[in-house]
Amino acid sequence: MSQSLVESVADPVAELALTGDLARPARLTVPDLLAWPQHRVRVSFECATSGIQHHRFAGPLLHDVLSDAGPVFDPGRRKDRLRFLIAVSGMDGHHALLSWAEIDPDFGRAPVLLAASIDDTPLDRAGPQLVLPQDRCGARHISGINAIRVDGRYTSWT
C-alpha cells in the first residue's frame with residue numbers, strides 16, 4: 001500500500017451530511033468548512049457533569065454553510081424561512097434542534113458556529129462541533145457532528 005493510502009485508512013477524516021429541504025445537499029469535512037469565513041469565539045458554559053468549561057473555537061457560521069446549501073424557501077410565501085427547523089446530530093447520539101429564525105441575520109442573528117477547531121486544535125478526525133456562544137449551559141453543544149437536517153415541512157397545527 002502507498003503511504004498516503006495507509007494514512008487515509010488509519011486517520012479517517014470525519015464527515016457530516018447536510019440533508020433535507022436543500023437545493024444542494026452535501027457531505028462536508030472539517031477541511032471543507034475552512035472555505036467559509038472563519039469566526040473565532042471564546043466560550044464559557046456550565047457543564048452538568050464537569051463544571052464550567054472555557055474554550056476557544058473557530059469555524060464558519062452555521063447560517064453561512066446552510067445558506068450555501070440552498071434552503072428551499074418559497075419566495076411566494078411571506079417569511080417562509082421562519083418555519084424551517086435545523087436538526088443537528090452528533091456521532092455520540094446527542095441531538096439539538098434550532099430554528100432558522102435563531103441563526104438568520106434578519107431575526108435572532110445568533111452567531112452559531114460549526115467549529116473546525118477547539119483551543120487551536122483542528123477537529124478533522126473528531127468532526128466539527130456545534131457551538132452556541134450565547135447559551136449559558138452547554139447542553140446544545142454537539143461534538144462530532146455527523147448530520148444536519150434542514151426541515152421546512154413544519155406547519156402549524158391549525
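## Largest pocket

The largest pocket holds about 240 Å³ of space. A pocket here is an open set of points, on a 1 Å grid over the protein atoms alone, with protein on both sides within 12 Å along at least five of seven lines. Grid points are joined across faces, edges and corners, and a volume is the space filled by probe spheres set on the points. The model is predicted: local features need pLDDT of at least 70 and side-chain atom pairs pLDDT 80 or more, while totals for chains, interfaces and linings use all residues. Residues are numbered from 1 along each chain as its sequence is written, and side-chain values use heavy atoms, with hydrogens and water left out.

The pocket is lined by 15 residues, and C47, H94, G138, A139 and H141 lie nearest its centre; a lining residue has an atom within 4 Å of a point. Strand β3 gives the largest share of this lining, three residues, and β3 and β4 each supply at least two. By class the lining has six nonpolar, seven polar and two charged residues. Ala, Val, Leu, Ile, Met, Phe, Trp, Tyr, Cys and Pro count as nonpolar, Asp, Glu, Lys and Arg as charged, and the others, Gly among them, as polar.

## Cavity

How many cavities of 30 Å³ or more does a search of the whole structure find? The search finds one, where a cavity is a set of points at which a 1.4 Å probe fits but cannot get out. About 60 Å³ of space lies in the largest cavity.

Its lining consists of V43, F45, F57, V131, L132, P133, D135, C137, G138, A139, R140 and H141. Eight of these residues are nonpolar, two polar and two charged.

## Sheet

Strands β3, β4, β8 and β9 form an open, antiparallel sheet in the order β3-β4-β8-β9. Its edge strands, each pairing on one side only, are β3 (39–47) and β9 (121–122). Strands are DSSP E runs of at least two residues, and helices are H or I runs of at least four, both numbered from the N terminus; two strands pair if DSSP finds at least two bridges between them.

Nine bridges join β3 to the antiparallel strand β4 (residues 51–59). F45 stands opposite Q53 in β4, and F45 also lines the largest cavity.

## Residue L61

L61 sits in the loop between β4 and α3 (62–68). Leaving aside residues up to four places away in sequence, L61 touches H39, P111, V112 and L113, contact meaning heavy atoms within 4.5 Å. The C-alpha atoms of L61 and R83 are separated by 20 Å, with the two residues 22 apart along the chain.
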